[in-house]
Protein chains: 6
Amino acid sequence: FLDHPEGSCLIATGGTRVICTASVEDGVPHWLRGKGRGWVTAEYAMLPRATHTRSARESARGRVGGRTHEIQRLIGRSLRSVVDLSRLGDRTVWVDCDVLQADGGTRTAAITGAMVALHDALSRTIPGGPPILEFVAAASVGIVGTFPVLDLSYAEDSTAEVDMNIVMTESGRFVEVQGTAEGEPFDRGALDTLLDLGSAGVRELIRIQKAALGL
Amino acid sequence: FLDHPEGSCLIATGGTRVICTASVEDGVPHWLRGKGRGWVTAEYAMLPRATHTRSARESARGRVGGRTHEIQRLIGRSLRSVVDLSRLGDRTVWVDCDVLQADGGTRTAAITGAMVALHDALSRTIPGGPPILEFVAAASVGIVGTFPVLDLSYAEDSTAEVDMNIVMTESGRFVEVQGTAEGEPFDRGALDTLLDLGSAGVRELIRIQKAALGL
Amino acid sequence: FLDHPEGSCLIATGGTRVICTASVEDGVPHWLRGKGRGWVTAEYAMLPRATHTRSARESARGRVGGRTHEIQRLIGRSLRSVVDLSRLGDRTVWVDCDVLQADGGTRTAAITGAMVALHDALSRTIPGGPPILEFVAAASVGIVGTFPVLDLSYAEDSTAEVDMNIVMTESGRFVEVQGTAEGEPFDRGALDTLLDLGSAGVRELIRIQKAALGL
Amino acid sequence: FLDHPEGSCLIATGGTRVICTASVEDGVPHWLRGKGRGWVTAEYAMLPRATHTRSARESARGRVGGRTHEIQRLIGRSLRSVVDLSRLGDRTVWVDCDVLQADGGTRTAAITGAMVALHDALSRTIPGGPPILEFVAAASVGIVGTFPVLDLSYAEDSTAEVDMNIVMTESGRFVEVQGTAEGEPFDRGALDTLLDLGSAGVRELIRIQKAALGL
Amino acid sequence: FLDHPEGSCLIATGGTRVICTASVEDGVPHWLRGKGRGWVTAEYAMLPRATHTRSARESARGRVGGRTHEIQRLIGRSLRSVVDLSRLGDRTVWVDCDVLQADGGTRTAAITGAMVALHDALSRTIPGGPPILEFVAAASVGIVGTFPVLDLSYAEDSTAEVDMNIVMTESGRFVEVQGTAEGEPFDRGALDTLLDLGSAGVRELIRIQKAALGL
Amino acid sequence: FLDHPEGSCLIATGGTRVICTASVEDGVPHWLRGKGRGWVTAEYAMLPRATHTRSARESARGRVGGRTHEIQRLIGRSLRSVVDLSRLGDRTVWVDCDVLQADGGTRTAAITGAMVALHDALSRTIPGGPPILEFVAAASVGIVGTFPVLDLSYAEDSTAEVDMNIVMTESGRFVEVQGTAEGEPFDRGALDTLLDLGSAGVRELIRIQKAALGL
């Protein structure tokens, strides 16, 4: 999608559009030196006018906000769970997820797109094929009113009673399950329903990821 | 526990010790003005030598880290889910959780202690009794090796395959479920086991909270 | 080009691609209050992997660099020179220029694209037509070796002896002329040649701007 | 008092309570390298609700205030004056003073408590006994109305005409004498009276420090 | 000395040269509003090459250091002790002390020069004469080797055993006495000698201040 | 002009007064290491009361503003264009320009004074004479009303239609030409007139620079 990065893609889900790039650099963070393992880390940002009203740039405010930090850590953790870091060797992959337009589910779209950019970058740079154990993708689910909904739009998200993000691998195992009651707390039955729905969503997204990569 | 705050407590779980204070101030954040509702927000910090080796103060580094932001948001959200903000009126409650000593589970201990400090503060300051709908507490659970474990110590936490925090109310409903694979992803069966174990832990903690408050 | 902003465009010149958006907000900076005039201001940023090697985000470094400040001020000044601020009324237009991919001339591309986004936004929001006096565009010119060149690519730019940016209006008048000797200083004859070449480039760009807006 | 630090104590004077910890690390600041001497440095902070009304955290404000800097420098200087830095060797001691509750005299309490934590830490870590030349402690004195007072409480401190801190060693010699007129300047006779009173206070504090350490 | 400020002077003591300006602005800090009193505050800085080797600007480092904060607070406190703030009315005086060249005693020179700039500014701006109760000046004294010395140069200061700053008014009363042992602690006899010497120095400086103002 | 810097001067043009110092340090920035070339860099600041009304210090605001960055880069670039960096060897020259009093044209005065301080410093420190290829100076010109004016004062500058800075060498070649329309854009004829006027001004300034250095 772009000329310079080793891997890149543009993911569009509903009105949400995220550019994901993966940059492979030699060297690892200092606390990993000499351990024979690589590293994958992620950064996330929104363009100021990705949202309905313009929001100030984090660079202009001089600090990265709490929500951004939380999302960056989640993307990095999700990707690392499916990479064989020892085969990555003495390299760091920087994954950048920049939201051009936001309409709900930017963090799950970022994870899903980042997986594609990462696979793309590692295919081009690692001899012997990308050191990827399996695919990972993420879906947002929620309860709007009393109905469970997959892949919430912004309008749905802002009125949802429960908001859940599921990061799951191709083999059906969870990397992250995060469910939050925005209004009323939710019971165990609702939790189970959301897990079922999100798992189905992730399986479909992984099918699309592979198609995009021609696999 | 302290003289100045409206509410305060010291919670000790294993080697972890957290001072929780609740400060009730008049006024609300600007985006809540004129809506007839109050606000509850939280801050979290560790003393530099709460851990085995000294860590630099966030004030000296000039910025609050991503992990701290994430924990602060979780504490605030957990407490707000059980407060009747409309009865709180034109007031903001600042809850401060300062970790004197850390041995795993500081964020769940902070939520559990913060609930006590909040109840204590609102009992003293709100005419007609504390505007609290029910109690909330939090437990950490995880899979160490292949065994599910409740309330992980630092040694257990750092070797756990899965780390899960459960924030649950007295009525058995979830405010937050956050499960993270630190190593291998986990399947649905493991998730169910952890939810059962954590729920039992929270029920016991709420019993202890009430005893501490003489309820 | 995007759903949310009042005006937006994607400008591509050579390998350079810049997203320009214009957001119209009510209100003006405090030092303009009560003067019956509006304001136009600009922000500029590069995505981390817009360049050949990844560069750190300014938000992560906690400060906006000198080059960014200089470019932002230039974009804002260029746009304000062709807007009738008194007809803009009590409004501020925020123009955001985000470089997706950089191959030389990002600041001149940003000004040229920003003009389009600004016209687009003001056409939709200002009753009575956009308060725009004339068009403005910008071209980069330089001396590579001993030859004058229009619209330098990155490879040309980094070896140029002289680098000049010309911001000129439709009526052939200059808003900004900035010529810098990167290596050898340049004489008056070289300056005249560059001014002729850049002026021709700007006239062509204004023709393209109008076509893009269907004017 | 705490499990992790090499040395720690909780000092209570009036309503003031300060946790002091001493952490011994290998290595010295870069400007001391290769000089065969160690270093002792201190940091000081207040919990947000140590005071009557909650004050914002310095980490949240992104900068350490002037008062904090001044106190940190004073604590470090006081401790270094009684340590044989050449016997400390290639080590740095970080002393952290965190005020749980403030009721006047937090800086003098911090110095007095820090001496105990430092002695405790060096006794455990330095072969051949702690490299401490003599004890040091600090007292606050002041003139309230027209009466000299030792160890001012917050209520006394905020109405004092003169506020003086005396840091004195066991051998009766001064490390720091700092007297400040908050209202009316003070004459030489008042200064002499305050010095006498503060010296007596320090001697009593050193007796208590030794008892706490079982010396 | 300068055209724009209400009051200004250049003080030279030994090799030390400090520009002091006093700027009178309408309005007071928010915590003083409606109390019928004015305010005097001070800022202090060194030019990068005021010292033997260049030191980085505090603006480039993004933070004001502890030493600077401490000095600024001392200058402000010293000046406020001799101003009748109620006669100053709804005004703030900003006193800026910028060190062009440093050769020891910059903080005492700054206080002494600031007094002149302040008197100069208030004479021009306050109807009915400057609301100044008496003069104040500051002297540095110290023990170099075993000899007490007045007004230490940089060479003396950096080898002094004891370093003391005395801020004293025309009526011989102290605003601030700050004595610090840099090496060996000092006894009561040494303290008395330094107080005598510093007091004599201040009396001479006040004589010079008045001459400079033509009083 | 000052005792400590290797080179220094005070330049006065109209009411503008700038202290320029040049500090020669061993070593070069990391990206120049091992390339056998030195570096020249500049910093620029205004004293708070250099202007008619006091402006806040950049150190107190915690960030260096965009205008300051732009000026610093311009001064550095201008000086480097006339220095033989390979003869400078493994050294960095820090040039500091501090504006004591501002009355228009501070950036051009800074460049002109910096040239003198740089020559002065390199004459004293570089064996074999200063590695300077030729002199450089800068002049501000503008159009006030309809008249071209050389060396604008503050009053002229703030009402000028066009503001142009010309940095030119002794051999009549340009290092930087920057013309900005503050109000109406300007045509090619006005540009030519300003270039003629500014060139004449620079030639006169270089004559004065040489006289000041006794050349």
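Predicted model: local features only at pLDDT ≥ 70, side-chain atom pairs only at ≥ 80, totals over all residues.
User: What confidence does the predictor give to chain A and to the complex?

Analyst: The mean pLDDT of chain A is 92, and 100% of its residues reach 70 or more. For the complex, the predictor gives an ipTM of 0.87 and a pTM of 0.81.

User: What makes up chain A, and in which order do the elements run?

Analyst: Chain A has six helices and eight strands. Starting at the N terminus, their order is β-β-β-α-α-α-β-α-β-β-α-β-β-α.

User: How do you know whether the radius of gyration of chain A agrees with that of a compact globule?

Analyst: The rule is 2.2 Å times the number of residues to the power 0.38. For 215 residues this gives a value near 17 Å, and chain A has 17 Å, so the two agree. The C-alpha trace of chain A spans about 50 × 40 × 35 Å along its principal axes.

User: How much of chain A is buried, and what does its accessible surface come to?

Analyst: Of the 215 residues in chain A, 60% are buried. The accessible surface of the chain is about 8100 Å², and carbon and sulfur atoms account for 51% of that.

User: What share of the contacts in chain A with a separation of 6 or more comes from residues 24 or more positions apart?

Analyst: That share is 71%.

User: What is the relative accessible area of Thr13(C), and what follows from it?

Analyst: The value is 17%, so Thr13(C) is buried. Thr13(C) is placed in strand S1 of chain C, residues 7-13. Apart from neighbours within four places in sequence, Thr13(C) is in contact with Ala109(C) and Asp151(C).

User: What makes Leu194(E) buried or exposed, and what does Leu194(E) touch?

Analyst: Leu194(E) has a relative accessible area of 0%, so Leu194(E) is buried. This residue belongs to helix H6 of chain E, residues 188-212. Not counting residues up to four places away in sequence, Leu194(E) touches several residues, including Val141(E), Gly142(E), Pro148(E) and Met164(E). Between Leu194(E) and Asp163(E) there are 31 residues of sequence separation and 9.4 Å in space, C-alpha to C-alpha.

User: How do you know whether Val141(B) is buried, and where does Val141(B) lie?

Analyst: Val141(B) has 0% relative accessibility and therefore counts as buried. Val141(B) lies in strand S5 of chain B, residues 136-144. Leaving aside neighbours within four places in sequence, the contacts of Val141(B) include Val149(B), Leu152(B), Val162(B), Leu194(B) and Gly198(B). Val141(B) and Gly27(B) are 114 residues apart in sequence and 38 Å apart in space, C-alpha to C-alpha.

Conventions
Residues numbered from 1 in each chain as written. Chains lettered and ligands numbered in written order. Heavy atoms only, no water. Helix = DSSP H or I, 4+ residues; strand = E, 2+ residues; numbered from the N terminus. Buried < 20%, exposed > 50% of the residue type's maximum accessible area, 1.4 Å probe, protein only. Contact = heavy atoms within 4.5 Å. Areas by Shrake-Rupley, 256 points an atom, 1.4 Å probe, with all protein chains shown as cover. pLDDT = per-residue confidence, 0-100.
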